[in-house]
Amino acid sequence: MSMKGVSYEMSLNLGTNFLALVLNILLGLVVVPFYIAKIGVDGYGIIALATSFSSYLSIITIAIDASVGRNFTLAMRKDDHASSNAIYSSSIISALLLIVAILPLIGWFLYKIDSLVSYHGHTVNEMRWVFVAIITSFVLTFIRGLFLVPAFASNKIYIQRIIAILEIVVRTALVYLLLNASAQLSLIGVAFFLASLVSFVAALIWIIRKFPFLKLRASSFDKQIVKYVGSMSFWLVINQIGTLLFINIDIILLNHYYGPTATGEFSTVAQWHTLLRSFAGVFVAIFTPVVYKYYAEKDFNNLLKFSRYSVVAMGVVLAIPIGIIVAYSDVILKLWIGDRFVHFYPLMILLTGHLIFNLSVLPILSINAVYNKVKVPGLTSFFCGGLNLVLGILIIKYFDLGIYSVAIASAILLTLKNLIFSPTYAAKILEQRFWFYYPSIGRGMALFLWVLLMSWGCRHFLVPGSWMAMCVSSALIGVASIPFAWFVTLNKDQRLLIEKLIRRR
């Protein structure tokens, strides 16, 4: 495919990813206060815990998706329909068998849930149903992802995002309608399940129409493919365990040591952390298929350039929102939730400030997968994640910093991992000097510091008292940061590339 074709598909992918992101942000900012108003902070803590539990199930599913995506992409690029069908059928059948295998564990958890989860204000049956519905919703989403692997392989990420947008809209509409009819915790589970079911059916319809040669057949099941995919998936699972010990262990520790109210308060503030990760995910989703494409075509020179460019691009798009959120954390919390949460602004800074490092390196993590060098990153992530769990418990027990305890531990260890190990290991795989990615990371950091300086300067003249004033201030800071981003953050080659893309549009 020509660079023009790649650019066109990236534009479509970026547009739909950005639309999904905007919907996630807008609806997320509206839904969280709505949850709190209808079911209370404790109820929202249960919802956050249920989705967190689903994330732990995803340690296997994300690994399978990544491994299947890599191998299916290589087969599709060679127009090998027989191998494509074998990988497709083998992966879906294996996933279904895996789900059946872990059902007893899930059943045990749901049966003992009242002794494993701290809760009050809601019945155990309501809480159990929420977990059942959200877990079922997650399973449908996982299987949907495997059915849509051809969209990833053909760089049609926009199809995946359109279906994800459908799920977001349906779920939000159902939550609003059902909770207005009756403020019952269990109805949120109903909304999650029905929205996932609708999006699952939509995915099936699309794949049947666009890839008629792909047939899900038991006869296409290949043990060798499962073995090969499984060997790669194992180390990706280890990696995901470590990642989730960084991201999701916080809520579980808080629920265990401090109860549902602290869990709900932390989850509310952490929504901005989640939104920023979603924002970064928009760009990772469009960068990754291009890396796979260059690798499949053995175009290693462009792969090298593109991987470094993607880190700079991530720094540019993340520095402005992260800088503004850090500088205006107290204002944002007051406008969003009210005075009750304003005193948590240091937590918001702690949860979001380090993301300028930890999200900028996300595009180069695909280097590990595409080269099938996943063992060392998996072990490193697992070790650091386990250390995060231990450090979090120690800080809780010996310093008693409340909901700040787990945030401090994860911020320190995640930053050390992604500043020291991730860029140097990717550079080693590409046979480059260990500092290969550091100039790109540093450019994004410089822009972040500039945005902080501009934001704090603006606060001396005006502290926004409404969302409109906040938006105007953010827009002014963003516009004032463009010259710095253009002339300092981007180098000459990157400016020429962007100018070329603009002229082409």
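Me: Why are α13 and α17 called roughly parallel to each other?

Reply: This is a predicted model, and in it helix α13 (residues 345-352) and helix α17 (residues 404-429) pack at an angle of about 25 degrees. Angles under 35 degrees count as roughly parallel, so α13 and α17 get that label. Their axes are 9 Å apart, and α13 passes α17 in a left-handed crossing.

Me: What makes the contact between α13 and α17?

Reply: On the α13 side you'll find P346, L347, L350 and L351, and on the α17 side Y404, A407, I408 and A411. By class, that's eight nonpolar residues, with no polar and no charged ones.

Me: What makes α4 roughly antiparallel to α6?

Reply: Again, look at the angle. Helix α4 (residues 124-147) and helix α6 (residues 157-181) pack at about 165 degrees, with their axes 12 Å apart. Anything over 145 counts as roughly antiparallel, so α4 is roughly antiparallel to α6. The crossing of α4 past α6 is right-handed.

Me: Which residues of α4 and α6 make the contact?

Reply: S137, T141 and R144 come from α4, while I163, A164 and E167 come from α6. Sorted by class, this contact of α4 with α6 has two nonpolar, two polar and two charged residues.

Notes: Residues are numbered from 1 along each chain as its sequence is written. This is a predicted model: local features need pLDDT of at least 70, side-chain atom pairs count only at pLDDT 80 or more; totals for chains, interfaces and linings use all residues. Side-chain values use heavy atoms; hydrogens and water are left out. Axes are lines fitted to C-alpha atoms, for helices over the stretch in contact, and angles run from 0 to 180 degrees between N-to-C directions. Helices (H or I, at least four residues) and strands (E, at least two) are DSSP runs, numbered from the N terminus. Angles under 35 degrees count as roughly parallel, over 145 as roughly antiparallel, 65 to 115 as roughly perpendicular and the rest as oblique. A crossing is left-handed if the near helix is turned anticlockwise from the far one by less than a right angle, and right-handed if clockwise. Contact means heavy atoms within 4.5 Å. Ala, Val, Leu, Ile, Met, Phe, Trp, Tyr, Cys and Pro count as nonpolar, Asp, Glu, Lys and Arg as charged, and the others, Gly among them, as polar.
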